[in-house]
Amino acid sequence: MISNQNISVVIPSIGTRDLTPTIKSLNSSSIKIDEIIVSVPYDIDIELFQNFSNIIVHYSKLKGQVAQRIEGFKVAKNDIVVQLDDDIILEKNC
């Protein structure tokens, strides 16, 4: 059962979108998310993520959604890795 497993979520972003709604929806969902890896191609203001204990900001060497996802997968620590766009809002019981 997935709820008994640790889950990583990889979100590629160019850093211009407010990810707060997406992250809040993940952390409020019925499935516990162990880590959320935000993969960005350059430095962004990580203060945006201070209120979330499970955020890892990964600075990608490459720019592009696919490349950033791949790099995020490489740093994910869990066996279950979910990819999510930076504009997705999940329902509580998704």
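In what order do the strands form the open sheet, and is the pairing parallel or antiparallel? This is a predicted model, in which local features need pLDDT of at least 70 and side-chain atom pairs count only at pLDDT 80 or more, while totals for chains, interfaces and linings use all residues. Residues are numbered from 1 along each chain as its sequence is written, and side-chain values use heavy atoms, with hydrogens and water left out.

The open sheet has 4 strands in the order β3-β2-β1-β4, and the pairing is parallel. Strands (E, at least two residues) and helices (H or I, at least four) are DSSP runs, numbered from the N terminus; two strands pair if DSSP finds at least two bridges between them. At the edges are β3 and β4 (80–83), each of which pairs on one side only. On average, neighbouring strands of this sheet are turned by 25 degrees against each other, direction ignored. Between β1 and β4, which run parallel, there are 4 bridges; Val 10 has Gln 83 in β4 as its bridge partner.

Helix α1 spans residues 20–27, and its buried residues (under 20% relative accessible area, with exposed over 50% and partly exposed in between, for a 1.4 Å probe and protein chains only) are Thr 22, Ile 23, Ser 25 and Leu 26. Seen down the axis of α1, these residues fall within an arc of 160 degrees, so they line one face of the helix. The arc is that of the directions from the helix axis to the C-beta atoms. Their cover includes β1 (7–12), β2 (35–40) and β3 (55–59).

Helix α2 (residues 65–75) lies across β1, β2, β3 and β4, and runs at about 155 degrees to β1. Axes are lines fitted to C-alpha atoms, for helices over the stretch in contact, and angles run from 0 to 180 degrees between N-to-C directions. Glu 71 has its place in helix α2 and is buried, with a relative accessible area of 12%. Leaving aside neighbours within four places in sequence, Glu 71 is in contact (heavy atoms within 4.5 Å) with His 58, Tyr 59, Ser 60, Lys 61 and Leu 62. From Glu 71 to Ser 60 is 11 residues in sequence and 6.5 Å in space, C-alpha to C-alpha.

The residues that line the largest pocket number 12, and Ile 31, Ile 33, Val 82, Leu 90 and Cys 94 lie nearest its centre. The elements giving two or more residues to this lining are β1 and β4. A pocket is an open set of points on a 1 Å grid over the protein atoms alone, where a 1.4 Å probe fits, with protein on both sides within 12 Å along at least five of seven lines; lining residues have an atom within 4 Å of a point.
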